[in-house]
Amino acid sequence: MAQYIEFSGIGKAYPGVQALKDISFRASEGRVVALLGENGAGKSTLLKILSGDTQPDEGKIIINGEENRIASPYDAITKGISVIYQERQLAPSMSVIENVFAGDLPTKRFGVLDKKKMLQTTQEIIDKFGLPIDPEDPVGRLSVAYQQMVEIMKAYRRDSKIIAFDEPTAPLTDTEIAILFRLINQLREEGKIIIYVSHRLAEIFQITDEIVVLKDGRMVKTMVTAESNESDLIRAMVGRDIGDTYSNLSRNENIGEVLLEVNNLNNDMVHDVSFKLHKGEIVGFAGLIGAGRSEVVRAIFGADPILSGEIKIDGEICKFSSEKDAIDRGIALCPEDRKDQGLVMWRDITDNISMPVLDKLMSGLFISRKKSEDLAERAVEKYSIKTPSLDKIVSELSGGNQQKVILGRWTSDLMDTRILILDEPTKGIDVGTKAEVYQMCCDFAKQGIGVIFISSELTEVINVADNIIVMHNGHITGEVRRAEATEENVLALAMLD
Amino acid sequence: MERSTWFSRFTRSKMIVLLVLYVILAAIFTVVSKGQYLSWYNIRNIMNSMVVTAYLTCGAAFLMIAGNVDLSTAQVALLSGAMLGTFLQMHLPWPIAILGVFVIAAAVGTLNAVLINEIKFQPFVATMAVSYIVQGLMLVRLEGFSIDVDSPPIVWFGTYRIKGVLPVSIIFTFIIFAIYGVILVKSKFGKMLYLVGGNPTAAKLAGLNPKKISYILFINNAVLGSFAGMLQAARLKAATANGIANGMFAGMTGAILGGVSFGGGSGGMGGAFVGLVLLNGFNAGLSTVGLSPYWQTVASGALLLIALTFDYFNNKRLASAK
């Protein structure tokens, strides 16, 4: 009989929130089941229950006809469940071998490690999946993608029957995603039960067999992937038909004169980069991860040193020795990593929004709380940030609302932002909010702001930007207007050597 | 849209837990000591025992809120006492002597800041090394003796009591603490400390200057330390090689007890003050009920653990109330 895991009437409440209610579905061997839903839909809670991190308040988990209680992460592993999280759980300074065997290292007599067996088994797994990984390499030296492969090898070595992935493609480039999918397919063919959590619709169709759609902690729909289509899914996820997001954008039609001109910019990571940004224009930066896109904007923003080249704003050469100088000239940078670089996670909304304009919030010697809160309130209203109060700690907001706090910071009426740089602004936020962010970009453009839009999602960058600059290895490999851009020609430029 | 209120900020701060804890402890001590604990004599003792550490706590709390740490402050204090005595022996006028000590302290603070910001040492390691160097210099200077500090204005500041009752140094300490508290809560600089301590990368990308703040804080901390050391010398009328309790962690203990965390970005001067009162009030209480001083150290450690446990449960309560 085919093996399976079944969730039956699972419910979980946190104080004030019903995170999950009445979740029932079955995942069988040799099938990839997608868990799909906006942020806050309950996907992570379900994974936490599966991994033994937390226990459900109601409902049952049945594995092969037997009711099971998964008491702890260790318990989950012994029951053949591995959950591969976005935040990798590896020891970076230890070798691939040691990581693959973490948790139960094989020993010979007297507790001496059986290194031969470890090496042999690890090499076998590497060969099986056909990966170019040296088993002796410390994991920290591998790319993010291969670190993820090590996680998969770890699960495989434990002979886990059930393997769950939590948004595995988020940090990966398109080629790396292809490798990951090959691995998942191999696992499927071996009869593993795979649970796959993702935001990205395209890959759901590529890799999964069944789809479970969650919304606000409830199950909206289960369907067979082959029998559904993208618009069905979006409708199920957001509960409404958002239609074609991109064709509905109200774009800026009046692109003005040159605002920012970069000529032959060079530093360690960036080589001979030249481009122009006009008033009211959205310039997209496409490319694979590590292509040097973030490095270009960091150099422009004064965050990284410049070896040679010039930056002109309104035709005037600018030299920024710090981020502050760039901000004073009207440049704003919303960095790639909201949590690490954008927000002060344990401070409230007011503090996070007022950060760059403290000088303008003074009343006499001191900062005026009223002025600060007025400023924050205007941003909260303008971007409809969902929060009960202005002194909500930003770590308690959803990803989309956090992004809006950062946008609110840089586009407040106290700032004179003329060049807005958005580095991966839609990373990890749900479909509905993504559409809002695209429209915001267009609205900024209408106000005459020049927007630099960096994204690793090709579809997004070629549909939102007016002009797309493609980078590879620190060089610009091409520039394409939106009208001529297709995923194929942009990707070809991104992989050009 | 709901705004923060005086009350919401107060209940979120850790002060309230400590205040409750202290009131309970004070009540117990008062009963056990048959009222002695609340005598003016005892209260003044508690305040007196806080005076020197208070400056170290101000400096340490500021540094820790901004995500930094300085283990050298207590030694800077002791070296400052020794140098004050030395300068006075050289018959320098007292204001010049004090100024000279401040310059030395500022140099040590700058050294710490350079090691951490330019050479990128871990603050813990860098300031520990500096601590030993400063301690060594102080021991070399004193050679096992003590140096008299007998300049009348300095001794006056350390020992004079208004109407024979209230020491001026206590009043001055309270004023300094209050000023630091106001700076932290109300000023732009204070706000920047929290932002830089909470996330230095994000703060830098928002145009703040974490490096400049770090320099200011290390110099400020060393100068406050030297003030503490000179005050100590003024009260004893001599500079000695020891006499600052808890060594490297002298200033930090009260701050940690008051909810300032090593992680940076949290805590405040109100909490630090209550923490300091709690620490010293607790020790004094143990003396009034007749516990040996050796056991008091054990009890102080236990108090720190109890306060942190209280705080942990209070955080959980606040988190679940949301």
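With which residue does the side chain of Arg31(A) meet in a salt bridge, and what is the N to O distance?

Analyst: The model is predicted, so local features need pLDDT of at least 70 and side-chain atom pairs count only at pLDDT 80 or more, while totals for chains, interfaces and linings use all residues. Residues are numbered from 1 along each chain as written, chains are lettered from A and ligands numbered from 1 in written order, and side-chain values use heavy atoms, without hydrogens or water.

The side chain of Arg31(A) meets that of Glu210(A) in a salt bridge, with an N to O distance of 2.8 Å; the term stands for a side-chain nitrogen of Lys or Arg within 4 Å of a carboxyl oxygen of Asp or Glu. This pair links distant parts of the chain, since Arg31(A) belongs to strand β3 (residues 31–36) of chain A and Glu210(A) to strand β9 (residues 210–215) of chain A, and the two residues are 179 residues apart. Strands are DSSP runs of E with at least two residues, helices runs of H or I with at least four, numbered from the N terminus. Arg31(A) is partly exposed, with a relative accessible area of 30%, where buried means under 20%, exposed over 50% and partly exposed in between (1.4 Å probe, protein chains only).

A second pair in chain A is formed by Asp75(A) and Lys79(A), whose side chains meet in a salt bridge at 2.9 Å, N to O. Here Asp75(A) is buried, its relative accessible area being 16%, whereas Lys79(A) is partly exposed at 27%.

Turning to another pair, Lys279(A) forms a salt bridge with Glu257(A), and their closest N and O atoms are 3.6 Å apart. This pair also links distant parts of the chain, 22 residues apart: Lys279(A) sits in the loop between β12 (273–278) and β13 (282–287) of chain A, and Glu257(A) sits in the loop between α8 (230–238) and β11 (258–266) of chain A. Lys279(A) counts as partly exposed, with 25% relative accessibility, while Glu257(A) is exposed, with a relative accessible area of 53%.

Salt bridges can also be linked to one another, and one network of them joins Arg347(A), Asp351(A) and Lys191(B). To place these examples in the whole structure, a search over all chains finds 29 salt bridges.
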